[in-house]
Structures are given as structure tokens and as C-alpha cells.
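Hello,

Here is the structure I promised to pass on. Have a look at it first, and then read on for what turned up.

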Amino acid sequence: MASFKPTKIQIYPQLGAKVTQDTLYWKNYKAPVQVKEFGAITNIDFSPLAPHNYAVTASTRIHIYGPFSQEPVKTFTRFKDTAYSGRFRSDGQLLVAGCEDSVVRLFDVSGKVALRMFKGHTKAVHVADFTSDCYHILTCSDDYTCCLWDIPNSTELTKYKEHSDYIRCGATSKLNKDLFVTGSYDHTLKMFDARVQKSVMTMDHNHPVESVLFYPSEGLLVSAGGRYVKVWDLLKRGQPLVSLKNHHKTVTCLCLSGNGQRLLSASLDRHVKVYNTTNYKVVHSFDYTASILSLALAPEDESVVVGMTNGILSIKHRKTSEEKQGPTGQPRRQPVFRVFVKGRNCVPKQDDFLVSKSAKSHLAKYDKQLKRFNVSKALDTALESWKKNRKPEITVAVIKELDRRGTLKNALAGRDEQNLSQLVNFLIGNVVDPRFAPVLVTATEMILDIYKAVVGQSSVVDRQLVRLQELVEREIDYQQDLLEVLGMLDTLFASTLPRKEVPCPGNSQPNGLAEVDPGPQLRVA
């Protein structure tokens with residue numbers, strides 16, 4: 001008896017992903033190195049000086065890692081509660097951080113004990129950063145205030161209280177020591193000038209603001225909050241330019257590439273999106289295993305460092321030119337076809353003893369049911385496979401096999417309301433697909449012939465049949481419109497193309513007709 005042949009699942013062509021220069025650039029990183037921290041990682045900041053160490057703020061400590069170290073080279077633990085926003089000064093010698101206990105601490109990178117402690121806030125300080133002149137510190141707190149502090153005298157210079165909710169993000173200008181921007185959970189962004197006693201500009205983000213970022217020219221400002229990333233034109237009094245909605249959950253942090261031409265945003269949806277700052281389209285995306293709270297890029301984009309809610313620090317290093325090539329200095333070659341067919345045509349020698357073992361065939365569940373002639377169960381299994389894996393080609397292949405056997409009508413008949421509803425739902429989703437239409441149109445006609453006598457007894461099935469009818473009618477209208485457009489295009493092309501005369505051998509007439517000899521003529525006297 002011949003063995004059972006499993007159902008052949010047709011492989012349909014798929015469009016490949018478009019490979020761009022951004023794809024090649026952002027995929028040129030090694031496998032990520034993961035380091036476990038003591039808590040959720042709230043901030044990552046790179047030192048501006050070589051070798052570009054980076055500070056990781058997590059739980060009650062700040063770790064400083066070297067560019068290629070998996071163990072911290074320095075640790076600051078002088079915090080009584082959760083630390084926030086550990087950032088380097090522009091000379092890389094000092095580090096400032098806020099804390100849940102409302103105290104701001106200033107550290108020398110080469111020491112351990114805090115050089116200064118700034119006390120003035122009444123609640124947690126989530127933002128601490130240096131101004132461009134290196135002599136002042138900006139702090140923002142949950143007590144709705146932001147302050148400027150003088151480092152040499154450890155005194156408070158100015159305090160602003162214009163927000164009505166927590167201030168969770170802020171950025172200082174690198175071109176002007178007096179300008180800074182704050183973002184609050186009251187949905188507003190405010191720009192302050194230290195020479196004025198109130199804010200000079202206010203922008204409404206319409207969502208709690210989680211992160212703000214200046215462009216290098218500082219003519220544009222980027223804010224992140226909710227699912228939105230928005231760009232503001234500061235030269236036009238904070239006019240909104242672009243609103244991006246490419247994440248599924250709250251966007252938590254922003255970052256710019258080394259050349260300032262790519263904008264990165266990270267979100268709780270575990271994705272990092274890379275935007276082109278010319279047209280603000282997504283050019284690449286990174287996926288991670290947990291929600292992202294912090295993101296930083298090393299100078300020249302040599303490393304991508306991401307901090308997650310589960311305390312995992314993920315570091316991706318860029319591949320060097322030697323790692324892109326093989327050990328001999330030549331580019332790595334992909335396996336050729338002969339590697340995969342090696343040994344396939346091998347013939348045993350005269351003295352060889354061949355031990356053969358029959359390969360056991362593993363059938364899919366629907367094939368096992370087809371083998372037992374349980375056609376209805378086979379179709380039910382294929383529908384469950386589509387519902388579970390979203391692979392309609394399997395269900396279509398089973399329907400095609402049942403039609404070939406002549407048992408499709410038996411498999412479709414005798415169904416209750418739930419099974420019939422599931423089958424009609426599958427037809428609604430795939431009957432107009434040109435890949436599956438030749439098979440599913442036949443199944444649809446059979447269903448209508450079988451169940452036309454019971455139409456009207458189930459409101460659920462009746463609604464689905466009406467929807468299926470509207471879908472097919474709409475597709476027919478599309479096809480008719482396309483045929484009309486095709487006819488117009490044929491006429492247009494025929495009228496615009498130059499006419500060419502086709503010469504006929506042995507004939508000088510341009511129309512291809514041979515000249516007829518009239519013969520001798522009679523002369524009448």
C-alpha cells in the first residue's frame with residue numbers, strides 16, 4: 001500500500017525588506033552585552049572626554065563603566081534613597097545627581113565622598129544638570145520647582161515655581177549659560193532665562209512630558225510624552241513642527257546620533273525607533289526584552305546603551321573593520337550552493353556495506369485526520385491553525401486538497417452556528433486575496449448552496465454573510481474600475497506611440513496589398 005502523501009502547502013512569494021544605508025549602519029553592532037543592575041535604570045550619561053566612560057544611575061547607587069568593561073570601574077553609593085539623573089560636567093571631572101531624599105549631591109569623578117550637597121527642595125529631585133559655563137547646576141523636583149545653584153558657594157541663585165505638577169525632565173543650553181527648558185507632568189514645556197524672573201516661553205505637549213532634548217543648533221526642541229514625540233521651533237516662539245506617533249506605549253527618553261542627523265526615541269513598548277531628522281520617517285528599529293527607561297549613544301555612535309525596568313543594562317558595541325572581515329583580511333564569504341549539496345550524489349564503493357534506515361514521516365494533525373478520512377475535523381484543525389498562527393495558506397491548502405478529493409462539500413456541511421461563523425470569518429478575511437481567491441470562491445459558493453435554506457435563523461451568521469456580500473461587491477467594483485482604467489491606458493498608449501509601416505517582401509505598396517495588373521485593354525475604333 002502506498003504511503004500517505006502529506007498536504008502540499010504552497011509557498012507564496014514575499015517582498016523582501018528594503019535594505020538602506022541606515023539599515024546597514026544601525027545593524028553594524030555586535031551581539032549585546034547584558035549587565036544586571038540592582039534596580040530599574042533611570043539614567044545613562046556618557047563622559048564627553050576620552051575614553052568616554054558612562055554613568056549608570058540605578059537604585060541607590062551610580063556605577064561608572066569603561067567603554068568595554070562589564071564591571072564598574074567606579075561606584076558612588078552615598079545615597080540614602082533612590083538616585084536620579086547622574087550626569088557629567090563638560091570637562092568630565094564632576095558628576096551631579098539628584099535623590100529621592102530631595103538632596104542634590106556633587107561628586108568628584110576621581111573621589112568617593114560628595115564635594116557639595118545642595119539642600120532646598122522638599123521632594124524628590126529627578127533632574128540635575130550642569131550649565132554650559134560649568135559653574136552652575138540646574139535641578140528640577142517633584143515639589144513643582146526648578147532651581148539654579150552656584151557651585152563654588154553652594155548657594156541657591158534662583159527658584160522658579162510655574163509648573164503645577166511633577167517636573168521629571170529638563171535640559172540646559174550648551175550655547176547660552178542662562179537658558180534651560182523643563183518638562184512637567186502638567187503637560188507643558190517651559191523655557192527659562194536666568195536673567196528674567198519668569199519663563200520666557202511655554203509649549204503645550206498635551207501629555208505628561210517624560211524627556212526633552214535640544215538640537216545641536218538649539219533652534220529646535222524635541223519633547224517626548226505619552227505615545228508622542230514632538231518637535232518645536234524655538235525661533236518661532238515654540239511653534240510645533242512635527243508630531244510623531246510611532247510607539248505603542250509611553251516614550252520615556254530621547255537621544256541624538258553623533259552627527260545630529262538621526263533622532264532616537266525609546267519607549268515602554270520595548271522598542272527604540274531611529275528617525276531621519278530631514279523628513280522624520282522611521283529608518284530603523286531596535287527590539288529589547290523589557291520596557292526601556294533610559295538610552296544613550298557613545299560619541300561617534302560607537303556604542304548603544306539601554307537601561308530597562310528589570311535592571312538589565314544592554315550594551316551594543318560597533319564592529320571594527322577587522323571584525324567585519326575574515327581572519328585572513330578578506331571579507332567573509334557566505335556558504336556556496338555546493339556546500340549544501342555535498343554528499344548528495346555520493347555512490348557507495350564495492351566493499352562498502354550500506355545500512356539503510358527508513359525515515360519516519362511526521363504528519364501534521366490535519367494530515368492525520370485526512371488519512372483517516374475525517375474531512376470535517378481536518379478542516380476544523382486547519383481553521384484553528386489559522387486562528388492560532390495567522391497562516392491562511394495552510395487552511396487554503398487543506399480546502400484545495402478536499403476539493404481535489406471531491407469531499408469539500410461534505411466537510412462544509414453539517415456545521416453549527418459557531419463553526420459556520422468561524423468559517424465565514426475566514427472567508428471574509430481572505431476571499432479577496434488574489435493568492436487565495438481561486439480556491440476560496442469555490443468554497444464560498446458551496447457554503448451558500450448548502451446553507452441557503454437556513455438563512456435568517458442566526459443573526460450572527462446573517463451579519464457575516466451580509467458583510468461577505470458587501471466585500472465581494474466592492475471587489476467586483478474595483479475590478480471593473482481597473483478594467484476601465486486599463487482600457488483608457490491602452491488607448492492612450494496606442495495614440496501616443498509612433499506608427500511603423502511593416503514592409504512586405506516583394507511588394508512596394510505601403511498597405512501590404514499587391515498591385516493588380518489590369519491586363520490588356522481593348523481599343524474601340
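Which residue stands opposite Ala83 in strand 7? That residue is Cys99. Before the rest, some housekeeping: this is a predicted model, in which local features need pLDDT of at least 70 and side-chain atom pairs count only at pLDDT 80 or more, while totals for chains, interfaces and linings use all residues. Residues are numbered from 1 along each chain as its sequence is written, and side-chain values use heavy atoms, with hydrogens and water left out.

**The sheet around Cys99**

Strand 7 covers residues 94-99 and pairs with strand 6 in the antiparallel sense over four bridges. (Strands are DSSP runs of E, at least two residues long, numbered from the N terminus; two of them pair if DSSP finds at least two bridges between them.) Both belong to an open sheet of four strands, ordered 6-7-8-9, with antiparallel pairing. Strand 6 (83-88) and strand 9 (114-119) are at the edges with a single partner strand each, so one side of each has no neighbour in the sheet. From one strand to the next, the twist averages 20° (axes are lines fitted to C-alpha atoms, and angles run from 0 to 180 degrees between N-to-C directions).

Strand 12 (residues 146-150) is joined to strand 13 by five bridges, and Cys147 stands opposite Lys159 in strand 13.

**Cysteines**

A search of the whole structure finds zero. Cys140, for one, is in no disulfide: the nearest cysteine sulfur belongs to Cys146 and is 5.1 Å away. Cys140 is buried, at 0% relative accessibility (buried means under 20% relative accessible area, with a 1.4 Å probe and protein chains only; exposed is over 50%, and partly exposed lies in between). Cys99 is buried too, with a relative accessible area of 0%.

Strand 22 and strand 23 form a hairpin with five residues between them, and Gly260 in the turn has a positive phi of about 75°. The two strands run antiparallel and are joined by five bridges, with Val251 opposite Ser267. Six of the six residues of strand 22 (251-256) are buried, so the rest of the structure largely encloses this strand.

Best wishes

Technical notes:
Disulfide = S-S within 2.5 Å.
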